[in-house]
Amino acid sequence: MRYRSVAISSAAAVLCLAGATGMAEAKPTSLYAPSAMVFSVSQGDDANAGTVLRAATLSCMPSAQGTHPDPKAACTTLNSTGGTFDRLLAAPDTNRACPMHYAPVTVTADGVWQGSRVAWKHTFANSCTMSATLNGNAVFAF
């Protein structure tokens with residue numbers, strides 16, 4: 001009887017140790033920092049209260065994908081900003097004349113870019129000014 005209780009205790013200890021060593025460690029599932037963004041274009045000067053005209057999702061790592069019509073070009077453009085989203089804005093095209101009426105349009109970029117949280121927005125006086133300033137930018141071409 002004594003040998004049986006020692007055997008049971010030993011077996012229980014081995015099972016506990018085996019279970020403890022089998023615990024999963026927190027490891028990243030990818031070699032790449034996450035990059036998943038939602039881009040929107042809204043009517044109005046407040047993105048939270050304005051009417052969303054269009055939106056697209058974009059994930060750049062490990063490959064370009066999402067609802068964006070050209071995810072590869074958008075990811076390439078975002079990579080060129082170095083994480084500074086104001087670099088998406090260019091000097092307005094001087095060959096393009098825009099009306100001087102105020103009908104604000106706000107563009108936003110929300111999500112995670114290369115492992116860092118991003119919440120960026122910019123408001124333009126109207127859609128013509130937005131197009132002239134973004135100058136064919138692939139990120140908001142949806």
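Mentor: What follows starts with the whole chain, moves to the sheet, and then turns to the helices, the core and a few local details.

Please keep in mind throughout that this is a predicted model. The chain holds three helices and four strands, and along the sequence these elements follow the pattern α-β-β-α-β-β-α. Of the 142 residues in the chain, 29% are buried. Among the contacts in the chain with a separation of 6 or more, 59% join residues 24 or more positions apart.

The part you ask about is an open sheet of four strands, whose order is β2-β1-β3-β4 and whose pairing is antiparallel. Because β2 and β4 stand at the edges and each has a single partner strand, one side of each is left without a neighbour in the sheet. From one strand to the next, the twist averages 10°.

Let us take two of the pairings in turn. β1 and β2 are joined in the antiparallel sense over eight bridges, and to find one of them you can look at S40, whose bridge partner in β2 is A55. β3 and β4 also pair in the antiparallel sense, over nine bridges, and here A109 has W120 as its bridge partner in β4. These two strands, β3 and β4, form a hairpin with two residues between them.

Q114 sits in the loop between β3 and β4 and has a positive phi of about 50°, although it is not a glycine. As background, most residues other than glycine have a negative phi. With a relative accessibility of 42%, Q114 counts as partly exposed. The backbone nitrogen of Q114 also lies 2.8 Å from a polar atom of the side chain of S35, which brings us to a residue from another part of the chain.

S35 belongs to the loop between α1 (2–21) and β1, and because its relative accessibility is 4%, under the 20% limit, it counts as buried. Leaving aside residues up to four places away in sequence, S35 touches L58, S59, C60 and M61, and also V112, W113 and Q114.

For α2 you can follow the packing residue by residue. Its buried residues are P71, A74, C75, L78 and T81. Seen down the axis of α2, these buried residues fall within an arc of 110°, so they line one face of the helix. They pack against β1, β2 (51–59) and β3, whereas the face of α2 turned away from the buried side carries the exposed residues K72 and S80. Just after α2, G82 takes a positive phi of about 65°.

This brings us to the largest nonpolar core, which has 21 residues; the members that touch the most other members are F39, L78, F85, W120 and F140. At least two residues of this core are supplied by each of β1 (36–43), α2 (71–81), β3 (105–113), β4 (116–124) and α3 (127–134), and β3 gives the largest share, four residues.

Apart from residues up to four places away in sequence, F39 touches R54, A55, A56 and L58, then L78, then T108 and A109, and finally V139, F140 and F142. In that list you meet A55, the bridge partner of S40, L78, one of the buried residues of α2, and A109, whose bridge partner is W120.

Terms used:
Residues numbered from 1 in each chain as written. Predicted model: local features only at pLDDT ≥ 70, side-chain atom pairs only at ≥ 80, totals over all residues. Heavy atoms only, no water. Core = buried A, V, L, I, M, F, W, Y, C linked by side-chain atoms within 4.5 Å. Buried < 20%, exposed > 50% of the residue type's maximum accessible area, 1.4 Å probe, protein only. Contact = heavy atoms within 4.5 Å. Polar contact = N/O pair within 3.5 Å; in protein donor to acceptor, adjacent residues only side chain to side chain. Arc of directions from axis to C-beta. Pairing = 2+ DSSP bridges. Axes fitted to C-alpha atoms, helices over the stretch in contact; angles between N-to-C directions.
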